[in-house]
Amino acid sequence: MNRVLLLILLASSALTAYCQEVNEHLRNLENYLQQQGYHVSHTMSNGSGGTINQQWSVTLNVVTLGPDVNDSMSEQQKQSLVQTYDSINNLRRQKIVSALDSIRLTFARLGEKSSETYLYEYHRNGVDTMKYSLVFVKNDDSLKIEHPAKHVLMNGPCEAAIFNYYRGPWEDSSGYIENGSYSHFLTIDKSIPHDSMRPFDAATFNKLIQPSIKKILKLKGVQSYPVYWRHDDGFDDDVEYGLTVKYTYSHTNNKRATSHAGLTTGTSYFIPIQYEVEAKQLFQQLKSISYDYVVSHPEQPYRYDCSMDYKNCYPRELLDGSVYKDSDSYSLIWLFGEDGYHLLSISTKGEMWMPKDWMKIKSYINGKIEYRDK
């Protein structure tokens, strides 16, 4: 335990301009978990009124299998098999045990300094449950924890952390499954009047990224294509409960909307796989431009993925210019595929539906697909 504490305390925190008020112990914990091989997701967004919201999230999962013993085995064979499985499972659990010790220690140490604390553990018959919550607030008029540590209700500037963990039997086997979920929230009030908020300026942002894109377009084989995806109201091709099997990705501007109509336009870029160095450079430039833009324009609603990597293997939004006052949404999407790197700079009116073969098609209109010329 002392060694774990030392590692946490020694881990460094690279704080951004919006992280000046962040709890250093929580950031040290997240840095430690990342060093142990866990992916730490970090997003930044703003809400109406210019409230800047940051979230760090980590998922901890592991399955340990039990030995498959039978009556045909001798007692010595059974014991040998059990010992072998125990040894393997102990090795598999080392990382999550270390993570649990670090999380437990951090929450316990911060409990006396927090505005509200909830620490709960239950261990019985091989079933383990942990539920932790911490909240730090500046104002006394905002209680935050919804007992027992299921949610944190953010109301104004505050900081909070939640951890939920369960370990129990895995299905009908003699093995065990462990699931842990950690989230850290930080809300900073930038005191922007609601009337001063503006829709995301996709045109201006596009101008900022064009010099970087034009540079890479000079490489042989790099291509750009227009995007036109239309899904009219009333067209329900395989659409059920807002989802569809004909598409791999969808973005809903209004989750409560009954209409699934949407028109997405913009540009798709393709970088062949041999240009990994250039693609990585472009991605880093896009991250830097996106970050600088949202920091400079807190009056425009957005969601920015700080932790995204240039080799993510499914479409992810590096930057999402959120809908505001019925404006169009904007998405800067990046994908690393088997053939190379794909970039989408697109705007959507209504709901955005990404066709399954979007990397190959020229247009999609209510199920009618026109493919690009080969």
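Buried here is under 20% relative accessible area, exposed is over 50%, and partly exposed is in between, with a 1.4 Å probe and protein chains only. In a regular strand, the side chains alternate between the two faces of the sheet. β16 covers residues 329-336, and eight of its eight residues are buried.

Quick housekeeping. This is a predicted model, where local features need pLDDT of at least 70, side-chain atom pairs count only at pLDDT 80 or more, and totals for chains, interfaces and linings use all residues. Numbering runs from 1 along each chain as its sequence is written, and side-chain values use heavy atoms, leaving out hydrogens and water. Strands are DSSP runs of E, at least two residues, numbered from the N terminus, and two strands pair if DSSP finds at least two bridges between them.

So who sits beside β16? On one hand there's β15, residues 316-321, antiparallel over five bridges; Gly321 has Tyr330 as its bridge partner in β16. Then there's β17, residues 340-350, also antiparallel to β16, over eight bridges, with Leu343 as the partner of Trp334. β16 and β17 make a hairpin with three residues between them.

Now, the asparagines. Asn125 isn't a glycine, yet its phi is positive, about 50°. Asn125 lies in the loop between β3 (116-124) and β4 (127-137), and is exposed at 70% relative accessible area. Asn366 also has a positive phi, near 50°, in the loop between β19 (361-365) and β20 (368-371). Asn366 is partly exposed, at 23%.

Terms used: Helices (H or I, at least four residues) and strands (E, at least two) are DSSP runs, numbered from the N terminus.
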